[in-house]
Amino acid sequence: ARKHPIRLYQKLVLPALALLVSLALWYAWLFIVPTFVVAFAGGALLLAVAGWVTWLVIDWGNDYFIVTNHRVIWLEKVILLYDSRQEAPLANILAVDVDTSQLGRILDYGNVVMRTYVGKVSFDSVSHPEQAARMIEDFWERTKIHAAGEAKEAMKDAIRKRLGLPIPERPKA
């Protein structure tokens with residue numbers, strides 16, 4: 001998943017204001033002060049705003065929240081600056097919490113925080129946070145059940161080996 005689109009809209013407020021300034025400069029050039037400097041300033045500001053908006057949209061689209069049957073991963077890529085990856089195996093998760101604001105509850109977005117032994121992995125501004133938390137908890141429970149089954153089978157195999165009984169071959173999953 002990606003961050004909720006409302007986060008993109010919040011980041012686009014300043015470029016929208018800068019676009020209004022650019023349009024005001026163009027209006028001033030057309031009707032009030034028809035000089036080259038005003039037209040150039042309006043055009044340069046318009047190009048800068050277009051580049052800024054493009055960068056913000058690409059930056060918003062480069063953040064990913066990934067849940068597999070083995071781990072949770074948060075990938076953040078900022079163009080030309082850095083790549084960040086934070087992950088935790090499902091077996092290391094201690095708790096899954098959902099944190100939302102009033103606006104987040106209205107628009108159905110929030111933060112899903114997974115506490116682990118060494119820290120926490122946070123999915124910030126994810127859509128449908130309750131559903132995401134339930135999905136993570138479901139995978140987490142499956143992992144615990146599978147690990148308990150493997151531990152039980154390993155214990156049986158150790159006892160069979162100690163008693164000199166043959167250890168049955170198990171098909172690979």
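User: In β3, which residue is the bridge partner of Trp74?

Analyst: Heads-up: this is a predicted model, where local features need pLDDT of at least 70, side-chain atom pairs count only at pLDDT 80 or more, and totals for chains, interfaces and linings use all residues. Residues are numbered from 1 along each chain as its sequence is written, and side-chain values use heavy atoms, leaving out hydrogens and water. Strands are DSSP runs of E, at least two residues, numbered from the N terminus, and two of them pair if DSSP finds at least two bridges between them. Antiparallel β2 and β3 (residues 82–89) are joined by 8 bridges, and Trp74's partner in β3 is Gln86.

User: Which residue in the turn between β2 and β3 has a positive phi?

Analyst: Those two strands make a hairpin with 3 residues between them. A phi of about 65 degrees in that turn belongs to Leu80.

User: Why is strand β2 largely enclosed by the rest of the structure?

Analyst: Buried here means under 20% relative accessible area with a 1.4 Å probe, protein chains only. Strand β2 spans residues 71–78. It is largely enclosed because its buried residues number 6 of the 8.

User: How many bridges join β1 to β2?

Analyst: β1 covers residues 64–67 and runs antiparallel to β2. The two form a hairpin with 3 residues between them. Val67 has Val72 as its bridge partner in β2, and the bridges joining the strands number 4.

Notes. Buried < 20%, exposed > 50% of the residue type's maximum accessible area, 1.4 Å probe, protein only.
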